[in-house]
Amino acid sequence: MDKNEPIQLFVPHFRVDETLAEIRECLEKGWTGLGFKTVAFENAWSAYSGLPHSHFVNSATVGLQLALRLLSENDGWNEGDEVITTALTFVSTNHVILHERLTPVFADVDEFLCLDPSSVEAQITPKTRAVIFVGLGGNTGRLQEVAELCQKRGLRLILDAAHMAGTRWSSGMHVGPEADVTVFSFQAVKNLPTADSGMICFRDAKLDEEVRKWTWLGINKDTYSRTHSQGSYKWMYDVEHVGFKSHGNSIMAAMGLVSLRYLDIDNAYRRQLATWYDQRLTEIAGVSRIPMSTECESSRHLYQIAVDKRDEVMLALNSQGVSPGVHYRENTAYRMYEGGAASVPVARYMSDRLISLPMHMKVTKQDVDRVAGILASVVDSSAKNVSLELAKLRGQYANATSAIQRVLTNEVAVARPRS
Ligand SMILES: Cc1ncc(COP(=O)(O)O)c(C=O)c1O
(Lines give C-alpha, C1' and ligand atoms only; values in the text may rest on other atoms or scores of the structure.)
Protein backbone atom coordinates (compact mmCIF):
# COMPACT_ATOMS: atom_id res chain seq x y z
CA MET A 1 0.00 0.00 0.00
CA ASP A 2 1.17 3.54 -0.81
CA LYS A 3 2.44 4.86 2.47
CA ASN A 4 0.81 8.21 1.76
CA GLU A 5 -2.60 6.84 0.81
CA PRO A 6 -5.08 9.00 2.72
CA ILE A 7 -6.58 7.64 5.92
CA GLN A 8 -9.79 9.50 6.66
CA LEU A 9 -11.31 10.02 10.09
CA PHE A 10 -14.69 8.56 9.08
CA VAL A 11 -15.84 6.69 5.99
CA PRO A 12 -19.38 5.27 6.03
CA HIS A 13 -19.62 1.65 4.97
CA PHE A 14 -22.75 0.57 3.13
CA ARG A 15 -23.58 -2.97 1.99
CA VAL A 16 -24.49 -1.62 -1.42
CA ASP A 17 -26.30 -4.52 -3.10
CA GLU A 18 -28.26 -5.47 0.00
CA THR A 19 -29.21 -1.84 0.62
CA LEU A 20 -30.28 -1.31 -2.98
CA ALA A 21 -32.46 -4.43 -2.80
CA GLU A 22 -34.16 -3.10 0.33
CA ILE A 23 -34.67 0.31 -1.31
CA ARG A 24 -35.93 -1.35 -4.51
CA GLU A 25 -38.80 -2.83 -2.53
CA CYS A 26 -39.90 0.72 -1.62
CA LEU A 27 -39.60 1.92 -5.20
CA GLU A 28 -41.48 -1.05 -6.66
CA LYS A 29 -44.21 -0.74 -4.09
CA GLY A 30 -44.41 2.99 -4.78
CA TRP A 31 -44.08 3.83 -1.09
CA THR A 32 -41.06 5.85 -0.02
CA GLY A 33 -42.43 7.94 2.86
CA LEU A 34 -43.61 7.19 6.37
CA GLY A 35 -44.98 3.67 6.15
CA PHE A 36 -44.19 -0.01 5.92
CA LYS A 37 -40.39 0.27 6.08
CA THR A 38 -40.34 2.86 8.85
CA VAL A 39 -42.61 0.59 10.89
CA ALA A 40 -40.37 -2.40 10.14
CA PHE A 41 -37.28 -0.44 11.16
CA GLU A 42 -38.86 0.83 14.38
CA ASN A 43 -39.82 -2.73 15.30
CA ALA A 44 -36.37 -4.04 14.38
CA TRP A 45 -34.69 -1.35 16.48
CA SER A 46 -36.88 -2.12 19.49
CA ALA A 47 -36.17 -5.84 19.11
CA TYR A 48 -32.43 -5.15 18.87
CA SER A 49 -32.11 -2.58 21.65
CA GLY A 50 -34.78 -3.90 24.01
CA LEU A 51 -36.21 -0.37 24.20
CA PRO A 52 -39.97 -0.82 24.01
CA HIS A 53 -40.87 2.37 22.12
CA SER A 54 -38.90 3.50 19.08
CA HIS A 55 -39.96 6.26 16.75
CA PHE A 56 -37.99 6.88 13.55
CA VAL A 57 -37.17 10.54 12.87
CA ASN A 58 -35.20 12.38 10.24
CA SER A 59 -32.31 13.33 12.56
CA ALA A 60 -31.14 13.00 16.12
CA THR A 61 -31.19 16.79 16.35
CA VAL A 62 -34.95 16.91 15.93
CA GLY A 63 -35.26 13.90 18.23
CA LEU A 64 -33.47 15.82 21.00
CA GLN A 65 -35.67 18.85 20.43
CA LEU A 66 -38.80 16.72 20.62
CA ALA A 67 -37.51 15.03 23.77
CA LEU A 68 -37.40 18.44 25.46
CA ARG A 69 -40.68 19.64 23.92
CA LEU A 70 -42.65 16.63 25.09
CA LEU A 71 -41.16 16.42 28.57
CA SER A 72 -41.70 20.16 28.95
CA GLU A 73 -45.36 19.93 27.86
CA ASN A 74 -45.97 16.88 29.99
CA ASP A 75 -44.34 18.26 33.13
CA GLY A 76 -45.35 21.90 32.72
CA TRP A 77 -41.91 23.51 32.51
CA ASN A 78 -41.64 27.28 32.11
CA GLU A 79 -39.66 29.40 29.69
CA GLY A 80 -36.11 29.84 31.04
CA ASP A 81 -36.14 26.66 33.10
CA GLU A 82 -32.73 25.03 33.21
CA VAL A 83 -31.29 21.96 31.53
CA ILE A 84 -27.87 20.76 32.70
CA THR A 85 -25.72 19.77 29.77
CA THR A 86 -22.17 19.19 28.60
CA ALA A 87 -19.99 21.57 26.62
CA LEU A 88 -18.06 18.70 25.04
CA THR A 89 -20.57 17.79 22.35
CA PHE A 90 -21.84 18.58 18.90
CA VAL A 91 -23.84 21.82 19.08
CA SER A 92 -27.11 19.98 18.33
CA THR A 93 -27.27 18.92 21.97
CA ASN A 94 -27.25 22.52 23.18
CA HIS A 95 -29.01 24.33 20.36
CA VAL A 96 -32.19 22.35 21.01
CA ILE A 97 -32.29 23.64 24.60
CA LEU A 98 -32.31 27.19 23.27
CA HIS A 99 -34.84 26.32 20.56
CA GLU A 100 -37.17 25.19 23.32
CA ARG A 101 -36.64 28.51 25.18
CA LEU A 102 -34.92 26.75 28.03
CA THR A 103 -31.55 27.66 29.56
CA PRO A 104 -28.48 25.47 29.03
CA VAL A 105 -26.39 25.21 32.20
CA PHE A 106 -23.00 23.67 31.62
CA ALA A 107 -21.58 21.04 33.97
CA ASP A 108 -18.06 19.73 33.57
CA VAL A 109 -16.76 16.40 32.28
CA ASP A 110 -14.68 13.67 33.91
CA GLU A 111 -11.81 11.57 32.55
CA PHE A 112 -14.31 9.74 30.28
CA LEU A 113 -15.21 13.13 28.75
CA CYS A 114 -18.80 12.56 29.89
CA LEU A 115 -20.75 14.56 32.47
CA ASP A 116 -19.23 14.36 35.92
CA PRO A 117 -21.98 13.62 38.49
CA SER A 118 -20.42 15.88 41.12
CA SER A 119 -20.32 18.80 38.70
CA VAL A 120 -23.93 18.06 37.66
CA GLU A 121 -25.00 18.07 41.29
CA ALA A 122 -23.25 21.40 41.88
CA GLN A 123 -25.22 22.97 39.03
CA ILE A 124 -28.69 21.96 40.23
CA THR A 125 -30.93 24.90 41.18
CA PRO A 126 -34.68 25.14 41.90
CA LYS A 127 -35.15 25.84 38.17
CA THR A 128 -33.38 22.69 36.96
CA ARG A 129 -35.73 20.34 35.11
CA ALA A 130 -33.52 17.92 33.20
CA VAL A 131 -30.02 16.67 32.44
CA ILE A 132 -28.79 15.77 28.97
CA PHE A 133 -26.05 13.14 29.15
CA VAL A 134 -23.94 12.60 26.01
CA GLY A 135 -22.32 9.16 25.71
CA LEU A 136 -19.28 10.59 23.95
CA GLY A 137 -17.74 8.19 21.47
CA GLY A 138 -19.99 5.38 22.77
CA ASN A 139 -18.79 5.69 26.36
CA THR A 140 -21.21 5.27 29.28
CA GLY A 141 -18.86 7.19 31.60
CA ARG A 142 -20.72 7.70 34.90
CA LEU A 143 -24.18 7.51 33.35
CA GLN A 144 -25.52 5.25 36.10
CA GLU A 145 -24.53 7.74 38.77
CA VAL A 146 -26.09 10.61 36.84
CA ALA A 147 -29.29 8.55 36.42
CA GLU A 148 -29.40 7.89 40.18
CA LEU A 149 -28.84 11.58 40.86
CA CYS A 150 -31.68 12.54 38.51
CA GLN A 151 -33.97 10.09 40.19
CA LYS A 152 -33.05 11.36 43.64
CA ARG A 153 -33.52 15.02 42.67
CA GLY A 154 -36.67 14.54 40.54
CA LEU A 155 -34.99 15.55 37.27
CA ARG A 156 -35.66 14.14 33.83
CA LEU A 157 -32.76 12.39 32.11
CA ILE A 158 -32.28 12.65 28.35
CA LEU A 159 -29.61 10.42 26.86
CA ASP A 160 -27.98 11.84 23.74
CA ALA A 161 -26.96 8.47 22.36
CA ALA A 162 -25.94 9.79 18.94
CA HIS A 163 -22.70 7.78 19.28
CA MET A 164 -24.14 4.84 21.21
CA ALA A 165 -25.87 2.53 18.72
CA GLY A 166 -24.76 -0.87 19.99
CA THR A 167 -23.26 0.27 23.33
CA ARG A 168 -24.21 -2.28 25.96
CA TRP A 169 -23.80 -2.50 29.70
CA SER A 170 -21.52 -5.33 30.78
CA SER A 171 -24.71 -7.28 31.60
CA GLY A 172 -25.35 -7.35 27.84
CA MET A 173 -28.31 -4.97 28.06
CA HIS A 174 -28.34 -2.13 25.54
CA VAL A 175 -28.04 1.39 26.96
CA GLY A 176 -31.21 3.47 27.17
CA PRO A 177 -33.54 2.07 29.83
CA GLU A 178 -31.93 4.30 32.50
CA ALA A 179 -33.11 7.50 30.76
CA ASP A 180 -36.58 8.99 30.31
CA VAL A 181 -35.79 9.31 26.65
CA THR A 182 -32.88 8.14 24.51
CA VAL A 183 -32.04 9.57 21.10
CA PHE A 184 -29.82 7.84 18.54
CA SER A 185 -28.29 9.27 15.37
CA PHE A 186 -28.16 7.25 12.17
CA GLN A 187 -26.44 10.00 10.19
CA ALA A 188 -23.99 8.75 7.54
CA VAL A 189 -20.80 8.55 9.61
CA LYS A 190 -22.41 7.07 12.70
CA ASN A 191 -22.17 3.38 13.65
CA LEU A 192 -25.53 2.58 12.06
CA PRO A 193 -25.32 4.61 8.86
CA THR A 194 -28.21 5.78 6.70
CA ALA A 195 -27.96 9.14 4.93
CA ASP A 196 -29.58 11.15 7.71
CA SER A 197 -31.99 9.91 10.36
CA GLY A 198 -32.37 9.01 14.02
CA MET A 199 -34.52 7.22 16.57
CA ILE A 200 -36.29 8.64 19.62
CA CYS A 201 -37.10 6.12 22.33
CA PHE A 202 -39.34 7.31 25.16
CA ARG A 203 -39.71 5.17 28.27
CA ASP A 204 -43.33 6.28 28.65
CA ALA A 205 -45.78 4.78 26.12
CA LYS A 206 -47.98 7.91 26.29
CA LEU A 207 -45.10 10.17 25.24
CA ASP A 208 -44.21 7.76 22.45
CA GLU A 209 -47.76 7.95 21.15
CA GLU A 210 -47.64 11.73 21.40
CA VAL A 211 -44.30 12.15 19.63
CA ARG A 212 -45.67 10.33 16.58
CA LYS A 213 -48.18 13.18 16.19
CA TRP A 214 -45.49 15.81 16.74
CA THR A 215 -43.34 14.49 13.89
CA TRP A 216 -46.33 14.58 11.52
CA LEU A 217 -47.70 18.09 12.04
CA GLY A 218 -50.01 17.13 14.88
CA ILE A 219 -52.02 14.81 12.60
CA ASN A 220 -53.40 11.87 14.52
CA LYS A 221 -53.35 9.24 11.77
CA ASP A 222 -50.53 8.70 9.31
CA THR A 223 -51.08 8.46 5.54
CA TYR A 224 -49.98 4.85 5.40
CA SER A 225 -52.52 3.62 7.92
CA ARG A 226 -55.19 5.72 6.22
CA THR A 227 -54.36 4.33 2.80
CA HIS A 228 -54.37 0.78 4.07
CA SER A 229 -57.42 1.06 6.29
CA GLN A 230 -60.83 -0.14 5.22
CA GLY A 231 -63.93 1.93 4.49
CA SER A 232 -64.68 5.29 3.02
CA TYR A 233 -63.34 7.46 5.87
CA LYS A 234 -59.68 7.00 4.92
CA TRP A 235 -59.27 10.72 4.38
CA MET A 236 -60.63 11.56 7.77
CA TYR A 237 -58.13 12.57 10.44
CA ASP A 238 -57.90 15.13 13.17
CA VAL A 239 -55.17 17.67 13.88
CA GLU A 240 -54.71 17.98 17.60
CA HIS A 241 -51.94 20.59 17.83
CA VAL A 242 -49.07 22.06 15.83
CA GLY A 243 -46.20 19.77 14.98
CA PHE A 244 -43.07 19.39 12.88
CA LYS A 245 -42.52 17.50 9.64
CA SER A 246 -39.74 15.36 11.02
CA HIS A 247 -40.69 11.70 10.77
CA GLY A 248 -38.31 9.33 9.00
CA ASN A 249 -39.01 7.92 5.55
CA SER A 250 -38.97 4.44 4.02
CA ILE A 251 -35.77 4.94 1.98
CA MET A 252 -33.80 5.85 5.11
CA ALA A 253 -35.48 3.01 6.97
CA ALA A 254 -34.46 0.59 4.22
CA MET A 255 -30.84 1.71 4.62
CA GLY A 256 -31.15 1.45 8.40
CA LEU A 257 -32.58 -2.07 8.31
CA VAL A 258 -29.52 -3.30 6.41
CA SER A 259 -27.03 -1.37 8.56
CA LEU A 260 -28.68 -2.75 11.69
CA ARG A 261 -27.95 -6.32 10.52
CA TYR A 262 -24.24 -5.48 10.62
CA LEU A 263 -24.14 -3.21 13.66
CA ASP A 264 -22.75 -5.75 16.13
CA ILE A 265 -20.17 -7.08 13.65
CA ASP A 266 -19.06 -3.56 12.77
CA ASN A 267 -18.85 -2.50 16.41
CA ALA A 268 -16.77 -5.58 17.20
CA TYR A 269 -14.35 -4.49 14.46
CA ARG A 270 -14.28 -0.96 15.91
CA ARG A 271 -13.35 -2.46 19.29
CA GLN A 272 -10.61 -4.47 17.57
CA LEU A 273 -9.25 -1.25 16.05
CA ALA A 274 -9.34 0.34 19.51
CA THR A 275 -7.35 -2.59 20.92
CA TRP A 276 -4.75 -2.21 18.16
CA TYR A 277 -4.51 1.53 18.84
CA ASP A 278 -4.22 0.82 22.58
CA GLN A 279 -1.40 -1.67 22.03
CA ARG A 280 0.59 0.74 19.87
CA LEU A 281 -0.10 3.97 21.72
CA THR A 282 0.65 2.68 25.17
CA GLU A 283 4.30 2.70 24.10
CA ILE A 284 4.27 6.39 23.26
CA ALA A 285 5.01 8.75 26.12
CA GLY A 286 3.07 11.96 25.69
CA VAL A 287 -0.02 10.28 24.19
CA SER A 288 -2.92 9.89 26.63
CA ARG A 289 -5.72 7.55 25.70
CA ILE A 290 -9.22 8.50 26.77
CA PRO A 291 -10.46 5.57 28.87
CA MET A 292 -13.70 3.68 28.29
CA SER A 293 -15.83 2.88 31.31
CA THR A 294 -15.35 -0.75 32.33
CA GLU A 295 -19.11 -0.89 32.90
CA CYS A 296 -19.81 -0.97 29.16
CA GLU A 297 -19.03 -2.69 25.91
CA SER A 298 -18.71 0.44 23.84
CA SER A 299 -19.90 1.02 20.29
CA ARG A 300 -16.51 2.71 19.86
CA HIS A 301 -17.78 5.45 17.65
CA LEU A 302 -14.57 7.33 18.45
CA TYR A 303 -11.01 6.59 19.41
CA GLN A 304 -9.73 9.68 21.24
CA ILE A 305 -6.34 10.67 22.54
CA ALA A 306 -5.05 13.80 24.21
CA VAL A 307 -1.68 15.38 23.51
CA ASP A 308 0.06 18.62 24.28
CA LYS A 309 0.67 20.90 21.27
CA ARG A 310 -2.34 19.27 19.64
CA ASP A 311 -2.53 21.55 16.61
CA GLU A 312 1.08 20.79 15.64
CA VAL A 313 0.43 17.06 15.96
CA MET A 314 -2.69 17.40 13.78
CA LEU A 315 -0.70 19.22 11.09
CA ALA A 316 1.99 16.54 11.15
CA LEU A 317 -0.66 13.83 10.68
CA ASN A 318 -2.27 15.83 7.87
CA SER A 319 1.06 16.26 6.09
CA GLN A 320 1.44 12.48 6.00
CA GLY A 321 -2.03 11.79 4.63
CA VAL A 322 -3.89 11.13 7.88
CA SER A 323 -7.04 13.16 8.60
CA PRO A 324 -7.88 13.08 12.29
CA GLY A 325 -10.70 15.05 13.92
CA VAL A 326 -11.56 16.81 17.16
CA HIS A 327 -14.61 15.85 19.23
CA TYR A 328 -15.28 18.49 20.18
CA ARG A 329 -14.35 22.09 20.40
CA GLU A 330 -16.08 22.56 23.72
CA ASN A 331 -19.16 24.65 23.12
CA THR A 332 -18.38 27.53 25.48
CA ALA A 333 -15.49 28.33 23.12
CA TYR A 334 -18.21 29.42 20.67
CA ARG A 335 -19.32 33.00 21.08
CA MET A 336 -22.97 32.15 21.65
CA TYR A 337 -22.21 29.86 24.62
CA GLU A 338 -19.21 31.70 26.09
CA GLY A 339 -21.11 32.65 29.24
CA GLY A 340 -20.82 29.05 30.44
CA ALA A 341 -17.00 28.85 30.23
CA ALA A 342 -16.27 29.25 33.93
CA SER A 343 -18.03 26.02 34.89
CA VAL A 344 -16.21 23.71 32.45
CA PRO A 345 -12.44 23.96 33.06
CA VAL A 346 -11.83 20.25 32.47
CA ALA A 347 -13.80 20.32 29.21
CA ARG A 348 -11.75 23.33 28.10
CA TYR A 349 -8.44 21.76 29.08
CA MET A 350 -9.23 18.51 27.31
CA SER A 351 -10.83 20.14 24.30
CA ASP A 352 -7.55 21.95 23.56
CA ARG A 353 -5.71 18.62 23.54
CA LEU A 354 -8.09 16.10 22.00
CA ILE A 355 -7.60 14.24 18.74
CA SER A 356 -9.94 11.62 17.29
CA LEU A 357 -8.02 9.04 15.26
CA PRO A 358 -9.41 7.35 12.12
CA MET A 359 -12.12 4.89 13.12
CA HIS A 360 -14.23 3.10 10.51
CA MET A 361 -14.63 -0.21 8.74
CA LYS A 362 -11.92 0.48 6.14
CA VAL A 363 -9.13 1.22 8.64
CA THR A 364 -6.68 -1.71 8.77
CA LYS A 365 -4.07 -2.88 11.27
CA GLN A 366 -1.43 -1.44 8.90
CA ASP A 367 -3.22 1.92 9.02
CA VAL A 368 -3.19 1.83 12.82
CA ASP A 369 0.55 1.08 12.74
CA ARG A 370 1.12 3.95 10.33
CA VAL A 371 -0.85 6.44 12.45
CA ALA A 372 0.95 5.26 15.61
CA GLY A 373 4.31 5.55 13.84
CA ILE A 374 3.61 9.17 12.91
CA LEU A 375 2.47 9.95 16.44
CA ALA A 376 5.63 8.36 17.87
CA SER A 377 7.76 10.60 15.69
CA VAL A 378 5.92 13.88 16.34
CA VAL A 379 4.51 13.81 19.86
CA ASP A 380 6.75 15.53 22.34
CA SER A 381 7.67 12.70 24.71
CA SER A 382 8.77 15.13 27.38
CA ALA A 383 5.37 16.83 27.34
CA LYS A 384 3.06 16.39 30.26
CA ASN A 385 0.96 13.25 29.90
CA VAL A 386 -2.59 14.55 30.13
CA SER A 387 -4.32 11.47 31.50
CA LEU A 388 -1.48 10.74 33.91
CA GLU A 389 -1.89 14.24 35.29
CA LEU A 390 -5.61 13.66 35.71
CA ALA A 391 -5.09 10.17 37.16
CA LYS A 392 -2.60 11.48 39.72
CA LEU A 393 -5.05 14.10 40.82
CA ARG A 394 -7.88 11.61 41.00
CA GLY A 395 -5.82 9.37 43.27
CA GLN A 396 -4.71 12.22 45.45
CA TYR A 397 -8.05 13.70 46.34
CA ALA A 398 -11.24 12.19 47.62
CA ASN A 399 -13.32 14.49 45.49
CA ALA A 400 -11.21 14.09 42.41
CA THR A 401 -13.13 16.24 40.02
CA SER A 402 -13.35 19.30 42.15
CA ALA A 403 -9.62 18.91 42.81
CA ILE A 404 -8.95 18.71 39.10
CA GLN A 405 -11.19 21.68 38.57
CA ARG A 406 -9.38 23.76 41.16
CA VAL A 407 -6.03 23.02 39.55
CA LEU A 408 -7.19 23.40 35.99
CA THR A 409 -9.12 26.60 36.55
CA ASN A 410 -5.82 28.36 37.21
CA GLU A 411 -4.08 26.59 34.37
CA VAL A 412 -6.82 27.41 31.89
CA ALA A 413 -6.96 31.02 32.95
CA VAL A 414 -3.22 31.34 32.28
CA ALA A 415 -3.17 29.27 29.11
CA ARG A 416 -6.02 30.97 27.32
CA PRO A 417 -7.48 34.19 28.57
CA ARG A 418 -10.90 34.86 27.15
CA SER A 419 -11.34 37.99 25.10
C1 LIG B 1 -23.31 14.04 20.27
C2 LIG B 1 -24.23 14.33 19.12
N3 LIG B 1 -25.50 14.68 19.36
C4 LIG B 1 -26.36 14.93 18.37
C5 LIG B 1 -25.99 14.84 17.05
C6 LIG B 1 -26.97 15.16 15.97
O7 LIG B 1 -27.21 14.05 15.14
P8 LIG B 1 -27.93 14.23 13.75
O9 LIG B 1 -26.89 14.60 12.74
O10 LIG B 1 -28.53 12.89 13.45
O11 LIG B 1 -28.95 15.28 13.88
C12 LIG B 1 -24.67 14.46 16.74
C13 LIG B 1 -24.24 14.38 15.34
O14 LIG B 1 -23.09 14.41 15.01
C15 LIG B 1 -23.77 14.21 17.80
O16 LIG B 1 -22.51 13.85 17.54
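View 1. Helices (H or I, at least four residues) and strands (E, at least two) are DSSP runs, numbered from the N terminus. The model is predicted: local features need pLDDT of at least 70, side-chain atom pairs count only at pLDDT 80 or more, and totals for chains, interfaces and linings use all residues. Residues are numbered from 1 along each chain as its sequence is written.

View 2. Strands pair if DSSP finds at least two bridges between them.

**View 3. Strand 2 runs parallel to strand 4.** Three bridges join strand 2 (residues 82-86) to strand 4 (residues 128-134). E82 stands opposite T128 in strand 4.

**View 4. Strand 5 is largely enclosed by the rest of the structure.** Why is strand 5 (residues 156-160) described as largely enclosed? Five of its five residues are buried, so the rest of the structure largely encloses strand 5. A buried residue has 20 or more other C-beta atoms within 10 Å of its own, with C-beta atoms placed from the backbone; exposed means 12 or fewer, and partly exposed lies in between. R156, I158 and D160 point one way from strand 5. L157 and L159 point the other way.

**View 5. Strand 5 has parallel partners in strand 4 and strand 7.** Five bridges join strand 4 to strand 5. F133 stands opposite L159 in strand 5. The chain crosses from strand 4 through helix 6 (residues 143-153) to strand 5 in a right-handed β-α-β crossover. Right-handed means that, with the strands pointing away from the viewer, the path from the first strand over the helix to the second runs clockwise. Three bridges join strand 5 to strand 7 (residues 181-185). Here L159 stands opposite T182.

**View 6. A shell of 14 residues surrounds the ligand.** The closest are S59, A60, T61, A162 and S185. Helix 3 (60-75) and helix 4 (92-99) each supply at least two shell residues.

Methods
A residue is near a molecule or strand if its C-beta atom, placed from the backbone, lies within 6 Å of it.
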